[in-house]
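I wanted to go from the whole chain down to a few residues and jot down what turned up.

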Amino acid sequence: MKINVHLKGRFKEALKLPDPYALEIQDDANVRGLLDRLCQDTGCPEDTFFNKDLRLKPNVAVTKNGRFIIHLKWLDTPLETGDTVTIFTLHCGG
């Protein structure tokens, strides 16, 4: 199945992929698998997205069709044909 991936901020610079990036993935893919696949395809280290315990870094935000995965099934959020996944860095300040 095919999905579209949008990388924003430092992820766009680090992975050097077009925006949007059309990606063919397995039918049973989820967000964790997508992030792993992006690292494999681009050669970026796993710690781009994950901590040492393989949990998503706190400043990494992922949405599926505009909804944050924290409100879905987190890294186990299933992906479907035509989905749009956006990966970006959360920023805060004052």
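This is a predicted model: local features need pLDDT of at least 70, side-chain atom pairs count only at pLDDT 80 or more; totals for chains, interfaces and linings use all residues.

Of the 94 residues, 38% count as buried.

Next, overall dimensions. The radius of gyration is 12 Å, which agrees with the value near 12 Å that a compact globule of 94 residues would have. Along the principal axes, the C-alpha atoms fill a box of roughly 40 × 30 × 25 Å.

Then the fold. I count two helices and five strands, running β-α-β-α-β-β-β from the N terminus on. For contacts between residues at least 6 apart in sequence, 50% join residues at least 24 apart.

Charges: there are 13 positive and 13 negative ones, and their mean positions sit 6 Å apart.

Is Met 1 buried or exposed? Met 1 has a relative accessible area of 13%, so it is buried, the cut-off being under 20%. Met 1 lies in the segment before β1 (2–7). Its contacts include Leu 23, Ile 25, Ala 29 and Leu 79. Leu 23 is 22 residues away in sequence, yet the C-alpha atoms of Met 1 and Leu 23 are 8.2 Å apart.

Last, aromatics. I found two aromatic pairs. One of them is Phe 68 with Phe 88: ring centres 6.0 Å apart and planes at 65°, so the pair is edge-to-face. Phe 68 sits in β4 (residues 67–68) and Phe 88 in β5 (residues 84–89), so to speak a link between distant parts of the chain, 20 residues apart. Phe 68 is partly exposed, at 37% relative accessible area.

How values were computed: Residues are numbered from 1 along each chain as its sequence is written. Side-chain values use heavy atoms; hydrogens and water are left out. Helices (H or I, at least four residues) and strands (E, at least two) are DSSP runs, numbered from the N terminus. Buried means under 20% relative accessible area, exposed over 50%, partly exposed in between (1.4 Å probe, protein chains only). Contact means heavy atoms within 4.5 Å. Rings of Phe, Tyr and Trp (its six-membered ring) pair if their centres lie within 6.5 Å; planes under 30 degrees apart count as stacked, over 60 as edge-to-face and the rest as tilted. The radius of gyration is taken over C-alpha atoms; the globule rule is 2.2 Å times the number of residues to the power 0.38. Lys and Arg count as positive and Asp and Glu as negative; His and the chain ends are not counted. The place of a charge is taken as NZ of Lys, CZ of Arg, CG of Asp or CD of Glu. Lists of a residue's contacts leave out its neighbours within four places in sequence.
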